Amino acid sequence: MLKIGSIVLGASDVRRAAAFWADALGYVPRDEMADDWVVLRPADGDGAQVAIGLSGTPVQEHPRVHLDLYAGDAADQAAEVERLVSLGARRVEWDLYPDDADFVVLADPEGNRFCVIDTSRG
């Protein structure tokens, strides 16, 4: 049986990306960080890892794969979005929002898109 071990993100500045995701998720480096690769793991050891590798490819405006981060309700979602923006994320002008969107699209400091989801809406 397979399971997800790591979700891998590309970055032009691995250390900057690692600092953002470590703060965003409460993760810590699994091993010593290098300039071209790092694996972050949950501080409590429970959950998938996030690996960040040096990449020269451009960020996709509409990526085929992205992270969904779950918030408990609309207030939690708003607070988390503001916290993530204060850590260096930016809001993305997303042209594919439905009228009743339960998600907010952000980009990490490297431009990788991710969503913060209000899970109270089902």
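Val-8 stands opposite Ala-51 in β4. The model is predicted. Strand β4 covers residues 49–54 and runs parallel to β1, with six bridges joining the two. Helix α1 packs on the sheet that holds this pair, and strand β1 also contributes to the lining of the largest pocket.

**Sheet**
- Four strands make up an open sheet, and their order is β1-β4-β3-β2.
- The pairing in this sheet is mixed.
- Strands β1 and β2 (27–29) are at the edges; each has a single partner strand, so one side of each lacks a neighbour in the sheet.
- On average, neighbouring strands are turned by 25° against each other, direction ignored.
- As a rule, the strands of a sheet pair through backbone hydrogen bonds, parallel or antiparallel.

**Helix on the sheet**
- Helix α1 spans residues 14–25 and packs on the sheet.
- Helix α1 touches β1, β2, β3 (37–42) and β4.
- The direction of α1 makes about 165° with that of β4.

**Largest pocket**
- The volume of the largest pocket is about 420 Å³.
- Its lining consists of 19 residues; the closest to the pocket centre are Leu-9, Gly-10, Gln-60, Val-65 and Asn-112.
- Strand β1 (residues 6–11) supplies the largest share of the lining, five residues.
- By class, the lining holds nine nonpolar, seven polar and three charged residues.

**Where the topics meet**
- Strand β1 is an edge strand of the sheet, is joined to β4 by six bridges, is touched by α1, and gives five residues to the lining of the largest pocket.

Definitions and conventions
Residues numbered from 1 in each chain as written. Predicted model: local features only at pLDDT ≥ 70, side-chain atom pairs only at ≥ 80, totals over all residues. Heavy atoms only, no water. 1 Å grid on protein atoms, 1.4 Å probe; cavity = no way out; pocket = protein on both sides within 12 Å on 5 of 7 lines; lining within 4 Å. Points joined across faces, edges and corners; volume = space filled by probe spheres on them. Nonpolar A, V, L, I, M, F, W, Y, C, P; charged D, E, K, R; others polar. Pairing = 2+ DSSP bridges. Axes fitted to C-alpha atoms, helices over the stretch in contact; angles between N-to-C directions. Contact = heavy atoms within 4.5 Å.
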